[in-house]
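Visitor: Please walk me through this one. Keep it short.

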Amino acid sequence: MDIENYIQQAIFQENEQHRTFYELIWENFKEDGFVITDEENHEIDAVIKATALQNLVGEFIYRLYDEVNETGFEDVLEYLQNLGFDESDITEYCENNDSIEIDEDDFEITLKNALDYTTEIVADKMLEEFSPDDIFDLMFTVTYSFEQDFTFEFEDYEEMQAFIDTNHEQLDNYKEEYPSVMRWVESGMIC
């Protein structure tokens, strides 16, 4: 199974506007061995981490635009089922991680706990790799509909970074306009 290709196609391509951001973060995570490994159940771990990344962008959008964060445990379950994993595989993965709280009577709560825990460690890893200012700039750039004569569709990270570099002053203004969002990023992006 090519988990890398599956994540790129099934999860990160789901929202084309956010794709460049996901790929940038994912590449940094891969370089550190944080997301794609040879360990047992690495596919489940990678899918949950990719969905956690979606969850963080959804939470950013919720805090910035007051739109519902639609990423949830249902997404994780769908992605994993598409790969052939069932509830017993996912439960075993959760049971093997002491940090995930298990609800013996409710699989959905266990899976939600896994996504919540993983979202926290993905947020911590993002803050280890990038400054809060950079995270705000990146997330804002890929989620904001800039009022201009055209829509930005970044082919790759370099195009996105060039846009950020040339609009740094305006992005700083947005940080001042949305101080609670900036505080959320600085305080660990807890959902």
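**Surface, core and pairs**

Visitor: Start with Glu 78. Is Glu 78 buried, partly exposed or exposed?

Guide: Glu 78 is partly exposed, at a relative accessible area of 45%. Buried is under 20% relative accessible area, exposed is over 50%, and partly exposed is in between, using a 1.4 Å probe and protein chains only.

Visitor: What sort of model is this?

Guide: It is a predicted model, where local features need pLDDT of at least 70, side-chain atom pairs count only at pLDDT 80 or more, and totals for chains, interfaces and linings use all residues. Residues are numbered from 1 along each chain as its sequence is written, and side-chain values use heavy atoms, without hydrogens and water.

Visitor: Which helix has Glu 78 in it?

Guide: Glu 78 belongs to helix 4, residues 73–82. Helices are DSSP runs of H or I with at least four residues, strands are runs of E with at least two, and both are numbered from the N terminus.

Visitor: And how far apart are Glu 78 and Ala 52?

Guide: In sequence, 26 residues. In space, 14 Å, C-alpha to C-alpha.

Visitor: Now the inside. How many residues are in the largest nonpolar core?

Guide: That core has 63 residues. Phe 21 and Met 126 have the most contacts inside it. The largest share comes from helix 3 (residues 42–65), with twelve residues. A nonpolar core here is a set of buried Ala, Val, Leu, Ile, Met, Phe, Trp, Tyr and Cys residues, joined through side-chain atoms within 4.5 Å.

Visitor: What is Met 126 in contact with, leaving aside neighbours within four places in sequence?

Guide: Met 126 is in contact with Phe 21, Ile 25, Phe 29, Leu 53, Leu 56, Ile 135, Met 139 and Met 189. Contact means heavy atoms within 4.5 Å.

Visitor: Switching to charges. How many salt bridges are there?

Guide: A search of the whole structure gives 13. A salt bridge needs a side-chain nitrogen of Lys or Arg within 4 Å of a carboxyl oxygen of Asp or Glu.

Visitor: What is the distance between Arg 63 and Glu 59?

Guide: Their side chains form a salt bridge at 3.1 Å, N to O. Both are in helix 3, four residues apart, which is about one helical turn. Arg 63 is partly exposed at 33%, whereas Glu 59 is buried at 9%.

Visitor: Why does that spacing matter for direction?

Guide: An α-helix has 3.6 residues a turn, so residues three or four places apart point the same way.

Visitor: What about Lys 112 and Asp 116?

Guide: They form a salt bridge too, with the closest N and O atoms 2.8 Å apart. These two are four residues apart in helix 6 (residues 107–129), again about one helical turn. Lys 112 is partly exposed at 41%. Asp 116 is partly exposed at 31%.

Visitor: Which salt bridge links distant parts of the chain?

Guide: One of them is Asp 133 with Lys 175, at 4.0 Å, N to O. Asp 133 sits in helix 7 (residues 132–143) and Lys 175 in helix 9 (residues 168–177), 42 residues apart. Asp 133 is partly exposed at 38%; Lys 175 is buried at 9%.

Visitor: Which residues form a salt-bridge network?

Guide: Asp 32, Lys 125, Glu 128 and Glu 129 are linked that way.

Visitor: On to rings. How many aromatic pairs?

Guide: Twelve. One is Phe 60 with Trp 184, tilted, at 6.4 Å centre to centre and 45° between the planes. Phe 60 is in helix 3 and Trp 184 in helix 10 (residues 179–186), so this pair ties together parts 124 residues apart in sequence. Rings of Phe, Tyr and Trp (its six-membered ring) pair if their centres lie within 6.5 Å; planes under 30 degrees apart are stacked, over 60 edge-to-face, and the rest tilted.

Visitor: Phe 60 and Trp 184: buried or exposed?

Guide: Phe 60 is buried at 0%. Trp 184 is buried at 4%.

Visitor: Last topic, helix 10. Which of its residues are buried?

Guide: Val 181, Met 182, Trp 184 and Val 185. They lie on the same side of helix 10, because their arc around the axis is only 155°. The arc is taken from the directions from the helix axis to the C-beta atoms.

Visitor: What covers them?

Guide: The cover includes helix 3, helix 6, helix 7 and helix 9.
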